Amino acid sequence: MRKILNINDNWNFLKNNTNELFLRKFNNIFEENVNIPHTWNDIDGASGNEYFRGICWYTKNIYINKKFQNKKIFLEFNGVNSICNVYVNEKHLGEHKGGYSTFRYDITDLIEFNSTNFIAVKVDNSHVEEVYPLMADFTFYGGIYRDVNLLIVDPIHFDLMDNGSKGVFVYQDKITNDIANLTIKTNIISEVTEKQPIRIVANLLDANGQVVKYTAKDILIEKSSEIKMPLSIENPILWNGTQNPYLYTMKITIEKHNDILDELNIPIGLRYFEFNPNKGFFLNGNHIKLKGVSRHQDKKDLGWALSKEDHALDMALIKEVGANSIRLAHYQHDQYFYDLCDKEGMIVWAEIPFISVASSTDHTGENAKSQMIELIRQNFNHPSIIMWGVENEIQIGGDLPYVRDIVKNLNEITHKEDPTRLTTQALVSMVPDTDEYNGYTDIVAYNKYFGWYNGKTEDFATWLDNYHELNPNRCIGLSEYGFEGIITYHSDNPKIRDYTEEYHSLSHETLIKIFNEREFLWGSYVWNFFDFGSAIRDEGGIKGRNNKGLVTFDRKIKKDAFFAYKAAWSDEPFVHITSKRFIDRATDSINIKVYSNCDAVTLFVDNEKFATLKSKHNFIFENIKLAHTQTNIRAVGTKNDKEFTDYAFFNKVNEPNAMYECPDKNGGFAANWFDEDLANQFTDVEITALDIPDDVFSSATRICDILENEKASIILNKYFSKLLASPMIGMIKTSSIDDLFKMLDEGIDEKLVFMLNKELSKIKK
């Protein structure tokens, strides 16, 4: 029988060392003793751009008992970022490129039994042009940040070397309310020299552990065999999302004579689904609006080194807000979290880190393809996964023909690997609504930031309606939208890019209504559910962090916007007084807003009843006079004859509290790309038409191409030096100034662009 031995504890760690001598057996050179999961960027990864990216070493001595000498032994890593070289007893096993998937090595022939064996792991999270992601708006934490195991199996076993998969794939060929037709595909390996008679047995167990269906197959195996077995279930209980995430268990075994050689227990959720361009998403024939959130896998002071308890807390918070779908961005997440999604009924968008910028040296996307294959094979049996994402905002790197080819190839590979699910992609906002990109995958979604990077929040309604009119046969979703919200900053008159908690919640409140009114919108995903580490950011007075979350980076504080969604999405009764952190008020009276899903809310001011309102989600009490000292507020909601209460207090002050105003006056991460003082020098410049032929440089030329020309580079630096000095330059250098102009409206001065073109157009390419 299979044994799984976890070896997370007591690893030796040495940072920033390229010395290959460190892999020598019994080497005692190390800086500290660590337990897995571990990252060396737990602190510096979210404190600014200067976080360590380089080579580190992990070593460990393990004793392996002689009783296992007739078994096969595999060393399994569930997540190492991002390039990993593994050595056992000084022998190099191989190199794995990609920081998010499971990979294994057969170490049987290298083991010294009844003795200590030396494992050395070289981990490198530095930039390598062929390994994705190359550049993105999140920190690339280095380390062995998921479990490490020894798998001890019989010489005849389910294939453990198929791209990290389980070696068993359950195809849901046809699922209806009346019948479920399945095909169980198993890949079996035999390390025995002679042919062996074995039986493959598959028992389908219900939630109570009772066998409801059985199938088996007898074979003679030599080396390897792919076995397919059909299985049908009449009147199945369907996996029905958050309403009833019913799971069967497929218990599949390899038997020989009177022994079980190998065994797997795979949770199975039976479901069928479809996307309709006019009606949205249907699960098991029932319409469901996908109320989604996006999740990154990092946490304050932990980076990516999360425990099961950390993952469980994330799921509990996502459940509390009432979401029914999760976009697991922008890479493969921990198997434990996919398991949680299965158990809780979350509809999952799973994707690979083919994001922002494509490799300039590998135009075939080989690493993206290998990561896609790993993602699918390792997660094939999770019922929560409905769609595979092939790219995210890869167009930021420029509209390059080879990038389009990679996206199309990834779509083809995905359908070949898994014909039972759909493909999707997250297009950057500047991709035209009628671009061919929209048809590269089965369904499509856009990352749009109206109300933050450009336009106003209400523009979502106009854009969605226009897109649907232009593309009536396309299924459209919103893969990202959001606003920075920092709970220190507050305003009576919130406005775009002021970073206040009030603007953050008001904008989300507006979008909840807009999205709910459009039946054709199959789903939307808040960016992001949690604040997360992004070393390239420096805005809102906070370095190294994206602050768009509904919950803070440490998971300790739920922002007001969290409760706006909870009121609209959740059936769990509650009341929440907004702007409670906006304590000091320099006005004689204020309005108080309460988010709640109760039928009615009563407000008490200094224990005196003020008013009772009936509303839906948002209860606004107007013109509440503030006392000269402290005014105490109590909100009481009622639902099903039960009361729910929240409290707040406010101080009347003579002058506004200066700490409530964000020091970043311009707002927005791109505001730091442009020199406002320089732009002011051209206030009297008159913009006229310029003749710009194709053979000269201009604002339409890719930034990287301009930089390659000495004269053109000097001119670009003259007008956009702050942009070139930004840590974001690596992500946007294959875009043009015109591309950025289309995407952003927060400080790209037209006259600056005009002056740039006036000089650049004099230089031949």
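User: How many salt bridges does the structure hold?

Analyst: The model is a predicted one, and side-chain atom pairs count only at pLDDT 80 or more. Side chains of opposite charge can pair when their charged atoms come close. On that basis, the number of salt bridges that the structure holds is 44.

User: Arg327 and Glu480 meet in a salt bridge; how many residues apart are they?

Analyst: The side chains of Arg327 and Glu480 come to 3.3 Å, N to O, and both Arg327 and Glu480 are buried. Arg327 belongs to strand E27 (residues 325–328) and Glu480 to strand E32 (residues 476–481), so that the pair links distant parts of the chain, with a separation of 153 residues.

User: In the salt bridge between Arg585 and Asp492, which residue is buried?

Analyst: The closest N and O atoms of Arg585 and Asp492 are 3.6 Å apart, and the pair links strand E37 (residues 584–585) with the loop between E32 and helix H6 (501–516). Buried requires a relative accessible area under 20%. Asp492, at 43%, is partly exposed, whereas a relative accessible area of 4% belongs to the buried residue, Arg585.

User: Is Val407 buried or exposed?

Analyst: Val407 lies in helix H4, and, leaving aside neighbours within four places in sequence, its contacts include Phe354, Val390, Ile394 and Tyr440. Because the relative accessible area of Val407 is 0%, the residue counts as buried.

User: What covers the buried residues of H4?

Analyst: Helix H4 (residues 401–417) has 17 residues and reaches 24 Å from its first C-alpha to its last, close to the 24 Å expected at 1.5 Å a residue. Its buried residues include Tyr402, Ile406, Leu410 and Thr414. Among the elements that cover them are strand E14 (168–175), helix H3 (366–379), strand E29 (385–392) and strand E30 (422–428).

User: Which strands stand at the edges of the open sheet of four strands?

Analyst: The order of the open sheet is E17-E16-E21-E22, with antiparallel pairing, and E16 (residues 196–205) pairs with E17 over ten bridges. Neighbouring strands of this sheet are turned by 15° against each other on average, direction ignored. An edge strand has a single partner strand, so one side of it is left without a neighbour in the sheet, and this applies to E17 (211–221) and E22 (259–268).

How values were computed. Residues numbered from 1 in each chain as written. Predicted model: local features only at pLDDT ≥ 70, side-chain atom pairs only at ≥ 80, totals over all residues. Heavy atoms only, no water. Pairing = 2+ DSSP bridges. Helix = DSSP H or I, 4+ residues; strand = E, 2+ residues; numbered from the N terminus. Axes fitted to C-alpha atoms, helices over the stretch in contact; angles between N-to-C directions. Expected span 1.5 Å × (residues − 1). Buried < 20%, exposed > 50% of the residue type's maximum accessible area, 1.4 Å probe, protein only. Contact = heavy atoms within 4.5 Å. Salt bridge = Lys/Arg side-chain N within 4 Å of Asp/Glu carboxyl O.
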